[in-house]
Amino acid sequence: MHEYLILHGVNLNMFGRRDPAQYGTSTLAEIDAALRALAVELGVRLDIFQTNHEGRMVERIHQALDDGTRGIVINAGAWTHYSYAIMDALGMLSIPVVEVHMSNVHAREPFRHESVLARVSAGSIAGFGPHSYLLGLRAVHALAAPDGSPC
Ligand code: DQA
């Protein structure tokens with residue numbers, strides 16, 4: 001069974017209470033529950049991790065080198081825009097990485113248009129609220145287990 005790692009970065013534990021115009025009212029626990037339900041449907045396992053500490057995020061990514069993780073879905077929050085440390089950690093992996101964002105970062109302030117993680121990601125999904133995560137899980141599964149390919 002494929003195992004994927006879902007990574008939630010800085011401030012994302014505050015979803016549901018944080019800027020509902022941008023991020024809606026779903027809590028992170030609700031998003032995780034929806035991801036777990038989709039994982040059952042896809043027949044895959046998930047490990048879900050959230051931290052507000054950049055070094056802990058880097059260390060969790062290091063673990064993925066050896067723990068059988070087959071792909072990563074990451075919403076790095078504001079780290080997306082400037083964390084070369086997280087970019088370097090993801091860059092050590094040879095599994096697919098999909099970047100996701102709840103809000104449409106490209107329609108927001110200019111600093112959010114840049115993702116330093118883009119160069120180590122297979123692609124990104126932004127602007128669909130909690131669905132960004134579900135689409136991200138489908139995307140990483142399509143890349144890691146292409147047997148179910150529609151083409
Ligand atoms: C975010 C977008 C980032 O710019 C922001 O710093 C976040 C959340 C999103 O999910 O839309 O914390 O990653």
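## Loop residues with positive phi

In this predicted model, N11 is partly exposed, with a relative accessible area of 37%. The residue belongs to the loop that connects β1 with α1 (20-23).

D19 is found in the loop between β1 and α1. D19 is not a glycine, yet its phi is positive, at about 35°. With 37% relative accessibility, D19 counts as partly exposed, because that category covers values between under 20% for buried and over 50% for exposed.

## The sheet

Five strands make up an open sheet, ordered β2-β1-β3-β4-β5, with parallel pairing. The edge positions are taken by β2 and β5, each of which has a single partner strand, so one side of each is left without a neighbour in the sheet. From one strand to the next, the twist averages 20°.

β1 and β2 run parallel and are joined by six bridges. Within β2, L46 is the residue opposite Y4. Helix α3 packs on the sheet and touches β1 and β2, its direction making about 170° with that of β1.

Strand β4 (residues 97-101) is accordingly described as mostly covered, with five of its five residues buried.

Strand β3 (residues 71-75) pairs with β4 in the parallel sense over three bridges, and V73 has V98 as its bridge partner in β4. Together with helix α4 (residues 84-91), β3 and β4 make a right-handed β-α-β unit. Strand β5 (residues 123-126) also runs parallel to β4, with four bridges joining the two. In that pairing, V100 stands opposite I125 of β5.

## Helix α5

Helix α5 (residues 130-144) comprises 15 residues. From its first C-alpha to its last it reaches 22 Å, close to the 21 Å expected at 1.5 Å a residue. The helix lies across β1, β2, β3, β4 and β5, and runs at about 170° to β4.

The buried residues of α5 are S132, Y133, G136, L137, V140, H141 and A144. These residues pack against the strands β1 (3-8), β2 (45-50), β3, β4 and β5, and also against helix α2 (28-42).

## Helix α3 and M57

In helix α3, the buried residues include M57, V58, R60 and I61. They cover an arc of only 160° around the axis, which puts them on the same side of α3. Among the elements that cover the buried residues of α3 are β1, β2 and α4.

M57 lies in α3, a helix that spans residues 54-63. Is M57 buried or exposed? Its relative accessible area is 0%, and since buried means under 20%, M57 is buried. Leaving aside residues up to four places away in sequence, M57 touches L7, H8, G9, F49, T51, W79 and I86. M57 and A76 are 19 residues apart in sequence, and their C-alpha atoms are 9.1 Å apart in space.

## H8 in strand β1

H8 is found in strand β1 and counts as buried, at 0% relative accessibility. With residues up to four places away in sequence not counted, H8 touches L28, D32, I48, F49, Q50, T51, M57, N75 and Y133.

H8 and W79 are 71 residues apart along the chain, and 11 Å separates their C-alpha atoms. W79 is also one of the residues that M57 touches.

Definitions and conventions:
Residues numbered from 1 in each chain as written. Predicted model: local features only at pLDDT ≥ 70, side-chain atom pairs only at ≥ 80, totals over all residues. Heavy atoms only, no water. Buried < 20%, exposed > 50% of the residue type's maximum accessible area, 1.4 Å probe, protein only. Pairing = 2+ DSSP bridges. Right-handed = clockwise from strand over helix to strand, strands pointing away. Contact = heavy atoms within 4.5 Å. Expected span 1.5 Å × (residues − 1). Axes fitted to C-alpha atoms, helices over the stretch in contact; angles between N-to-C directions. Arc of directions from axis to C-beta.
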